[in-house]
Amino acid sequence: MDQANLKFTKTHEWVGVEGELATVGITDFAVNQLTDLVYIDLPAVGSTCEAGKVFGEVESVKAVSDLYSPVSGEIAEVNESLVDDQSPLSDDPFGTGWITKIKMSNPAELEQFMNAEDYQKFCESEAH
């Protein structure tokens, strides 16, 4: 995924859109905050999710963090390989580390999110 074309949330999820399908992952900033990841709980394919609501969680050696769905819709696909190996979340968060694909029911929800430049500024303000 080209980060320049992604949307970013204040809870550090990223969204890439192809048609009505939104690919969702967590950013490198989030992974760096969590450090060593040990577990991920993925949503079930076919389940529905609501924008701003928890759809899974990621666990590190120091914390458990909720994953928030940036958009409403139906879970179309999940990255099952992450269950056994969370390293793609750290090694390639915008590529092989994607978490889920959601068939959006309301694409207008995307308009509230930050572009890459604004997200970078947001992360800089969070780090201070």
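Guide: Gladly, and let us start with Gln-86, which touches Leu-37, Val-38, Tyr-39 and Ile-40, leaving aside residues up to four places away in sequence; contact here means heavy atoms within 4.5 Å. A word on the source: this is a predicted model, where local features need pLDDT of at least 70, side-chain atom pairs count only at pLDDT 80 or more, and totals for chains, interfaces and linings use all residues. Residues are numbered from 1 along each chain as its sequence is written, and side-chain values use heavy atoms, with hydrogens and water left out.

Visitor: Why is Gln-86 called buried?

Guide: Buried means under 20% relative accessible area, exposed over 50%, and partly exposed in between (1.4 Å probe, protein chains only). Gln-86 has a relative accessible area of 9%, so it is buried. It lies in the loop between helix H2 (81-84) and helix H3 (87-91); helices (H or I, at least four residues) and strands (E, at least two) are DSSP runs, numbered from the N terminus.

Visitor: Which backbone oxygens lie 3.0 Å from a polar atom of the side chain of Gln-86?

Guide: One is the backbone oxygen of Leu-82, and another is that of Val-83, also at 3.0 Å.

Visitor: What makes His-12 buried or exposed?

Guide: Its relative accessibility is 11%, so His-12 counts as buried. His-12 sits in the loop between strand E1 (7-8) and strand E2 (13-18), and its neighbours in contact include Ile-26, Phe-29, Phe-122 and Glu-126.

Visitor: How do you know that the side chain of His-12 makes a polar contact?

Guide: A polar contact is a pair of N or O atoms within 3.5 Å; within protein, one must be able to donate a hydrogen and the other to accept it, and residues adjacent in sequence count only if both atoms are side-chain atoms. The side chains of His-12 and Tyr-119 form such a pair at 2.5 Å.

Visitor: And what is Glu-124 called: buried, exposed or partly exposed?

Guide: Its relative accessible area is 42%, so Glu-124 is partly exposed. Glu-124 belongs to helix H4 (residues 116-126), and its C-alpha atom is 9.9 Å from that of Phe-29, 95 residues away along the chain.

Visitor: What makes up the largest nonpolar core?

Guide: A nonpolar core is a set of buried Ala, Val, Leu, Ile, Met, Phe, Trp, Tyr and Cys residues joined through side-chain atoms within 4.5 Å. The largest has 24 residues, and Ile-26, Ile-40, Val-58, Leu-67, Leu-89 and Ile-99 have the most contacts inside it. Among the elements giving two or more residues to this core are strand E3 (21-26), helix H1 (28-34) and strand E9 (100-104). A second, separate core of ten residues includes Phe-8, Phe-94, Phe-122 and Cys-123.

Visitor: How do you know how compact the chain is?

Guide: The chain has four helices and nine strands. Its radius of gyration is 13 Å, close to the 14 Å from the globule rule for 128 residues, so the chain is as compact as a globular protein of that length. That radius is taken over C-alpha atoms, and the rule is 2.2 Å times the number of residues to the power 0.38. Buried residues make up 44% of the chain.

Visitor: What does UniProt say about residues 21-103?

Guide: An unreviewed UniProt entry annotates them as "domain: Lipoyl-binding"; such annotations may be inferred rather than shown by experiment, feature names are shortened, and positions follow the numbering used here. In this model, the end C-alpha atoms of that span lie 5 Å apart, and the span is 19% helix and 42% strand.
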